[in-house]
Amino acid sequence: MTTRPVDETPEERDELAGEYVLGTLSPERRTEVQQRLRDDSALRTAVDGWERRLLGLTDLAEPVTPSPPLWHRIERSLNASMPRSATAATAPPSWWNRLGLWRGFAGAGLAATLVLGTLLLTQATVKPTYLVVLVAPQDKAPGWVIQASNAREIQLIPLGVAQVPEDKALEFWTKAEGWQGPVSLGLVKPGQTLSVPLDKLPPLQPDQLFELTLENRTGSPIGKPTGPIQFIGRAVKVI
Amino acid sequence: MPDTLFDYEAHLLACGRGERQALRALYEQESPRLLGVARRLVRDNALAEDIVHDAFIKIWAGAARFDPTRGTARGWMYSVTRHLALNFLRDHSREIQGDIDLYRDAEAFDAQAHSSRIHRCLEQLEPARRDCILHAYVDGYSHAQISHKLGAPLGTVKAWIKRSLTALRECMG
């Protein structure tokens with residue numbers, strides 16, 4: 001946490017606020033201002049003043065018509081990130097709650113799981129207790145497999161190298177029955193094997209959902225999936 | 001320029017109550033101008049759409065906490081969008097440095113065409129100092145990029161910006 005320097009004068013504070021709004025602060029000082037804005041009301045007032053003074057300059061940028069899919073992308077992100085209770089009354093059900101979709105995936109996923117599971121079981125020395133095959137939503141092609149030999153750690157193993165645009169990243173998510181929403185397990189590079197400790201999460205459950213979504217390079221800005229699903233599947237207990 | 005017949009605040013308050021059609025109305029009303037602002041800053045159409053996408057997610061998520069005593073609803077939407085774009089620019093500054101020569105320059109500043117107070121106050125600044133403010137706010141240039149662009153020493157650019165901000169503050173209150 002950054003605290004306000006004790007000797008900062010109102011003039012210095014106003015200058016910092018002005019350069020923050022103008023955009024000329026270094027990345028470090030920008031971050032510092034953004035942290036201070038959470039609980040420094042004097043700085044917040046100074047920043048608000050500069051936002052108001054300079055707003056008219058936005059007229060100088062020529063308007064650009066958004067491509068038609070942009071609104072649908074925004075809507076999809078909102079559907080994916082809203083808690084179930086709030087969406088129930090007004091909005092169409094989020095994809096997490098669409099049963100038909102899951103039945104489809106589960107069927108495709110199970111078939112692939114059986115094939116791959118058999119393959120893995122015959123080769124692995126440690127017997128996994130859960131297996132998940134993540135398939136592409138469009139063609140159900142398996143892209144990744146998740147294995148867990150205990151309930152506290154999982155391994156995400158690529159079956160190929162996924163194509164990801166240069167300015168995007170794959171983010172790994174999971175959601176079990178009764179959770180409010182998906183939880184991020186971090187970013188993963190195409191072709192990378194990732195070990196994820198699940199020590200902050202409840203133990204794995206049968207049918208727990210896993211997915212990889214396409215997000216900005218630094219991951220979802222809101223802690224919930226915002227981009228399109230690239231791979232998706234459910235955990236199957238291996239006896 | 002804000003559309004004076006559109007009630008930005010009422011729509012934002014409706015978003016805060018979970019009314020999705022109010023967000024859609026804000027999007028239809030303002031997305032081309034917000035996208036224009038983001039496009040000018042990040043200089044890439046797809047990236048600018050990513051910024052506007054993230055901005056509308058933030059606008060929806062933050063609508064219930066919007067405080068009208070701190071500024072207008074419309075102004076807040078621009079602040080959210082600009083700071084997402086500026087964060088991106090500063091976080092990727094090494095990758096885009098040197099790019100600015102390739103970028104077509106801003107149109108000549110014409111205060112007549114813009115009625116708001118900031119434009120009249122900017123007109124009173126010396127042209128080089130005015131350019132510093134415009135390149136920073138509108139084009140998202142860093143101190144170093146402005147120095148490179150104007151062919152002025154870095155220290156001079158920093159001093160110009162400081163003094164211009166002070167002058168703008170006096171002019172605008």
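At what angle do helix 2 (residues 20-42) of chain B and helix 3 (residues 45-62) of chain B pack, and how far apart are their axes?

Reply: Bear in mind as we go that this is a predicted model. Helix 2 and helix 3 of chain B pack at an angle of about 135 degrees, and their axes are 9 Å apart. Angles over 145 degrees would count as roughly antiparallel, so this pair falls under oblique instead. As for handedness, helix 2 of chain B crosses helix 3 of chain B in the right-handed sense.

Now for who touches whom. Helix 2 of chain B brings B:L23, B:Y27, B:S31, B:L34, B:L35, B:A38, B:R39 and B:V42 to the contact. Facing them from helix 3 of chain B are B:N45, B:L47, B:A48, B:E49, B:I51, B:V52, B:A55, B:F56 and B:W60. Sort the residues of this contact by type and you get 13 nonpolar, 2 polar and 2 charged.

B:R43 sits in the loop between helix 2 and helix 3 of chain B. Its phi is near 60 degrees, which is a positive value in a residue other than glycine.

Helix 1 of chain A and helix 3 of chain A pack at an angle of about 50 degrees, with 8 Å between their axes. That angle makes helix 1 of chain A oblique to helix 3 of chain A, and their crossing is right-handed. On the helix 1 side of chain A, the residues are A:R13, A:D14, A:A17, A:G18, A:Y20 and A:V21. They meet A:A42, A:L43, A:A46, A:V47, A:W50, A:E51 and A:L54 in helix 3 of chain A. By type, this contact divides into 9 nonpolar, 1 polar and 3 charged residues.

Chain A has a non-glycine residue with positive phi too: A:D207, at about 70 degrees. You'll find A:D207 in the loop between strand 6 (194-197) and strand 7 (209-216) of chain A. With 12 other C-beta atoms within 10 Å, A:D207 is exposed.

Next, the place where the chains meet. The contact takes 39 residues from chain A and 50 residues from chain B. On the chain A side, the elements giving two or more residues are helix 1 (10-22), helix 2 (27-36), helix 3 (41-54), helix 4 (69-81) and helix 5 (84-90). Helix 4 of chain A supplies the largest share of that side, 6 residues. The residues on the chain A side divide into 18 nonpolar, 11 polar and 10 charged.

Finally, a word on confidence. The model scores ipTM 0.91 and pTM 0.61. Chain A has a mean pLDDT of 79, and 78% of its residues reach 70 or more. Residues 84-93 of chain A have pLDDT below 50, and beyond near neighbours in sequence this stretch has 12 contacts in the model. For chain B the mean pLDDT is 88, with 84% of residues at 70 or more. In chain B, pLDDT is below 50 over residues 95-108, a stretch with 9 contacts in the model beyond near neighbours in sequence.

Technical notes
Residues are numbered from 1 along each chain as its sequence is written. Chains are lettered from A and ligands numbered from 1 in the order in which they are written. This is a predicted model: local features need pLDDT of at least 70, side-chain atom pairs count only at pLDDT 80 or more; totals for chains, interfaces and linings use all residues. pLDDT is the predictor's confidence in each residue, from 0 to 100. Two residues are in contact if their C-beta atoms, placed from the backbone, lie within 7 Å. Helices (H or I, at least four residues) and strands (E, at least two) are DSSP runs, numbered from the N terminus. Ala, Val, Leu, Ile, Met, Phe, Trp, Tyr, Cys and Pro count as nonpolar, Asp, Glu, Lys and Arg as charged, and the others, Gly among them, as polar. Axes are lines fitted to C-alpha atoms, for helices over the stretch in contact, and angles run from 0 to 180 degrees between N-to-C directions. Angles under 35 degrees count as roughly parallel, over 145 as roughly antiparallel, 65 to 115 as roughly perpendicular and the rest as oblique. A crossing is left-handed if the near helix is turned anticlockwise from the far one by less than a right angle, and right-handed if clockwise. A residue is buried if 20 or more other C-beta atoms lie within 10 Å of its own, exposed if 12 or fewer, and partly exposed in between; C-beta atoms are placed from the backbone.
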